[in-house]
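Hi,

Here is the structure I promised to pass on.

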Amino acid sequence: MRYFNWDYGSGTTAYHGRLPGGPFNAGSWFVDVGDSVNAPTPLTPLTPAQIAAGQTYTTDYGWDVVRSVGIAAGDVRLVAAQTTTPTFASGANYPYAPNAQYASSTTGVLGAHNLFAGTSEPYYGAFLNTLVQGETIDGLTLPSNNTRNGLVTTTALGGTTLSFNASDIPINGVAAGLTTAYASGNVLGDWDNGIGDIRDGPYINKADEGDAGSGSPINNPYCWKSGNKDYILSTTLFTPNRLVPSAVTFGSLPTGVIRNKPWQTLLFRPGPINHPGLGTSTSTGNSDVGPPYTTPPDHLLLDLFTMPVVEPYAISEPLSTAGRINMNYLIVPFNYINRDTGLRAVLKSEQVISISDAQAANYKLFRNDVALPQTTIRFPVNIDSTLSQFYSRRFNNKDIFRSPSEICDIDIVPNDTTRAATEIPITAAISANPTRANMDLYWNGTGATPNAHRLTGDNSRERIYATLYPRLTTKSNTFTIHFRVQALKPALSPGSPSAAWQSWREGTDVITGEYRGSQIIERYVDPNDTTIPDFAANPSTTQTLAPYYKFRILSAKQFAP
């Protein structure tokens, strides 16, 4: 198959392209007349000077007819996760299908493929779609065949280059578990936001490893994406705990591989409603009210993993929750004491990623040398609104959190109050009552109100849970105990009845000594304890680690006087 690699510059006549056939060399480049929408016109014959300079080209410059077969619903994770490529004999689970324009005989439709450049731009003739139904990409009505070559430009911003965020998937809008296009009533599909200006798609949450940046206001800030061969990635840009803060980063792994259910991944966040990863509670059917569960939610898998703190040194200890904040901060029966300072400190350092539907045209911009639209996608946490759910979903029901993974049942409410009403901001009503229905409306909209924040990918939605989860616990290891101890002596003579020795008589009996103070004690498991059984060798055992916990005094202080 011959190919064309076009790269037009500013204006309407600076097309550069590779000729079909022949080896790649300096003589294979030419200048052609065209514009930023239409395909280049036939080549202008070479001048004697060009021929003398060694430039050559073949007269076979017609466009190739390209037809492709791809993943039926566009979710390449379904194939990548399998050790053996499915064959046609797999029947309904066969993941491949021809391009929608594969059999087209329409004049001028030569391309029916999904070929994109590594820098996220579609090749001429690529069939374009969008992950979120109803979004427009640079004014194009999708689905559509690409009639452009290279990046999209806009004269409104002085010819500034924009990132092209159309998708190479064959359907218009994705739904969780379905191979067909999204329809009203479906659950929105799971996909990831690409790093920087890389287009969004079916990724597995590759960690952002950091970049020194190009230092130029017009270049992509990620040197590795700009093709800077001299750039060497520093090993100290991002720490391991930033790259993979917890097992929540597994949230982009597909769960419908064998059953051929695309756009469905592990769910480590609340909603959307009816997502198969939510699980169901035995009591109400809603997983956010806690166990017992009829179907366990995905987030319980997080308890099988732990991400130790290893920077700046190995801080974490085995089977210890030291340094983590307890989600069960309500003190019973002293519930008038508000002990949420620790949780407020954790949430204060976080920001929520939220990309509005209205930002489709500019949330991938990276140039700052011209007056581009300001795009805010990170918002502080509305802490009061977030913590109110601890009461409405647990404490008010005389219940507790049993696992730190249950933070994934709590909506982390962004302090996003300045958007236009058509973009569904966090209104005062939502802030005061952040129910699941209200938050689903904010993130996903409804049929009557499609404008929401659907451009926020699965990895972006779950990022805040990835960083919160390793810092939370439901079972503290360290406790401070305040005590007052007295030695008492009854003023009784020998032979007094035994009942008299069992009661205190104020004003008669004597206090012979007193000690007041506090101690910090730690509950711990000694990993070198040889009496601990091998739980891996007997996974069906009902025994727990509880009998093997011990206590030790970390510090003691006497109060005097």
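Helices here are DSSP runs of H or I with at least four residues, strands are runs of E with at least two, and both are numbered from the N terminus. On that count, the protein chain has 10 helices and 19 strands. Keep in mind that this is a predicted model.

A couple of overall numbers to start. The chain runs to 561 residues, and 41% of them count as buried. If you take contacts between residues at least 6 apart in sequence, 66% of those join residues at least 24 apart.

Next, the cavities, which may be your sort of thing. I have 5 of them at 30 Å³ or more.

Is His453 buried or exposed? Its relative accessibility is 1%, and the cut-off for buried is under 20%, so His453 counts as buried. The side chain of His453 comes to 2.5 Å from the backbone oxygen of Tyr442. Setting aside neighbours within four places in sequence, His453 has contacts with a list of residues that includes Ser354, Ile355, Ser356 and Asp357, as well as Asp416, Arg419 and Glu423. Tyr442 and Trp443 are among its contacts too.

Last one: helix α5, residues 341-348. Its buried residues are Leu343, Val346 and Leu347. Why do they share a side of α5? They span an arc of only 95° around the axis, and that places them on the same side of the helix. Thr341, Ala345 and Lys348 are exposed, and they sit on the face turned away from the buried side of α5. As for what the buried residues of α5 pack against, the partners are β13 (325-326), α6 (383-393), α9 and β16 (472-473).

Cheers

Conventions. Residues are numbered from 1 along each chain as its sequence is written. This is a predicted model: local features need pLDDT of at least 70, side-chain atom pairs count only at pLDDT 80 or more; totals for chains, interfaces and linings use all residues. Side-chain values use heavy atoms; hydrogens and water are left out. On a 1 Å grid over the protein atoms alone, a cavity is a set of points where a 1.4 Å probe fits but cannot get out, and a pocket is an open set with protein on both sides within 12 Å along at least five of seven lines; lining residues have an atom within 4 Å of a point. Grid points are joined across faces, edges and corners, and a volume is the space filled by probe spheres set on the points. Buried means under 20% relative accessible area, exposed over 50%, partly exposed in between (1.4 Å probe, protein chains only). The arc is that of the directions from the helix axis to the C-beta atoms. Contact means heavy atoms within 4.5 Å. A polar contact is a pair of N or O atoms within 3.5 Å; within protein, one must be able to donate a hydrogen and the other to accept it, and residues adjacent in sequence count only if both atoms are side-chain atoms.
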